[in-house]
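This report looks at side-chain contacts and strand pairing in one protein model. The sequence and the structure come first, and the contacts are then taken up group by group.

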Amino acid sequence: LTEGDAPAMYLYKYFYANQDKLQSAWMRIDFAGDDAVVLGGEFIASTLYLVIQHSDGVYLERMNFSPGRTDPGVNFVTHLDRRVTDEDCVSVTYDSLLNRTTWTLPYVPDSTVQVVSREENPGIIQTLINADGLVSTIIGAGDLTGLKVYLGQKYRREVDLSKLYLRQENSSGGSSIITAGRLQIRTITFTYANTGTFNVTIEQDFR
């Protein structure tokens, strides 16, 4: 945590295989969507607990960094920021005259809030009538009081790849980068699996 960047948290992530560090990177997590300030945090096992000052109060929140984890009953994780379930809500009510369901969250979400089914047809995003980011209530169309759901805010994740270099073996059996000459890359192939849609942006230096 830094005083000069109070809405953010910095993490150093690394990956070892056979005693070799194959990957490492710094990661910046920005909580500034609702003028949040990270007051403190501590890891317990693979879960990071954070005390965060939001515009509507101070909250204890957690982030689970366990590798390979999934949500109960499915083989994926529904990724939402400040995610809670319908059971965590202050109340879930149905208005038969207006034919709509109201969830009252334990916090005030921003306008990106989503409601996603978690047992019946898991991963389906429900249609919302209001999501203005001003109140803790979210309204959905129809009677959804019996539907098990996740509620939370969308977030954006970006990855900046390290600069690419040609490598050559050295006398010690390792490898070193080749800095002489000009490296020109025509194509790059990304290998991925079990992911949603994503965008790739390419920027050339000095252009």
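What is the relative accessible area of Tyr12, and is Tyr12 buried, exposed or partly exposed? In this predicted model, Tyr12 has a relative accessible area of 37%, so that it counts as partly exposed.

**Aromatic pairs**

Tyr12 pairs through its ring with Trp26, in a tilted arrangement with 5.3 Å centre to centre and 50° between the planes. Because Tyr12 lies in strand β1 and Trp26 in strand β2, this pair ties together parts that are 14 residues apart in sequence. Trp26 itself is exposed, with a relative accessible area of 64%. Across the whole structure, a search finds five aromatic pairs. One of these joins Tyr12 and Tyr14, whose ring centres are 6.1 Å apart and whose planes stand at 40°, so this pair is tilted. Tyr14 is exposed, its relative accessible area being 54%. Ring pairs link Tyr12, Tyr14 and Trp26, together with Tyr16, into a cluster.

**Salt bridges**

Side chains of opposite charge can pair when their charged atoms come close. In this model the count of salt bridges comes to nine, and the table gives three of them, each with the distance between nitrogen and oxygen.

| Asp5 | Arg28 | 2.9 Å |

The salt bridge between Asp5 and Arg28 has an N to O distance of 2.9 Å. Asp5 lies in the segment before β1 (8–17), whereas Arg28 belongs to strand β2 (residues 20–30), so the pair ties together parts that are 23 residues apart in sequence. With a relative accessibility of 15%, Asp5 counts as buried, because buried means under 20%; Arg28, at 43%, counts as partly exposed.

Glu87 counts as exposed at 56% relative accessibility, while Lys148 is partly exposed, with a relative accessible area of 29%. Both residues also belong to a network of salt bridges that links Asp86, Glu87, Arg118, Glu119 and Lys148.

**Charges over a ring**

Arg118, already named as part of the salt-bridge network, has its charged end over the ring of Tyr150, 5.8 Å from the ring centre. The charged end of Arg83 sits over the ring of Tyr150 as well, at 3.8 Å from its centre.

**A three-stranded sheet**

Three strands form an open sheet in the order β3-β4-β5, and their pairing is antiparallel. The edge strands of this sheet are β3 (37–44) and β5 (57–64), each of which pairs on one side only, and the twist from one strand to the next averages 20°. Between β3 and strand β4 (residues 47–54), which run antiparallel, there are seven bridges. Phe43, for its part, has Leu48 in β4 as its bridge partner.

Terms used:
Residues numbered from 1 in each chain as written. Predicted model: local features only at pLDDT ≥ 70, side-chain atom pairs only at ≥ 80, totals over all residues. Heavy atoms only, no water. Salt bridge = Lys/Arg side-chain N within 4 Å of Asp/Glu carboxyl O. Helix = DSSP H or I, 4+ residues; strand = E, 2+ residues; numbered from the N terminus. Buried < 20%, exposed > 50% of the residue type's maximum accessible area, 1.4 Å probe, protein only. Phe/Tyr/Trp six-rings, centres within 6.5 Å; stacked < 30°, edge-to-face > 60°. Lys NZ or Arg CZ within 6 Å of the ring centre and 35° of its normal. Pairing = 2+ DSSP bridges. Axes fitted to C-alpha atoms, helices over the stretch in contact; angles between N-to-C directions.
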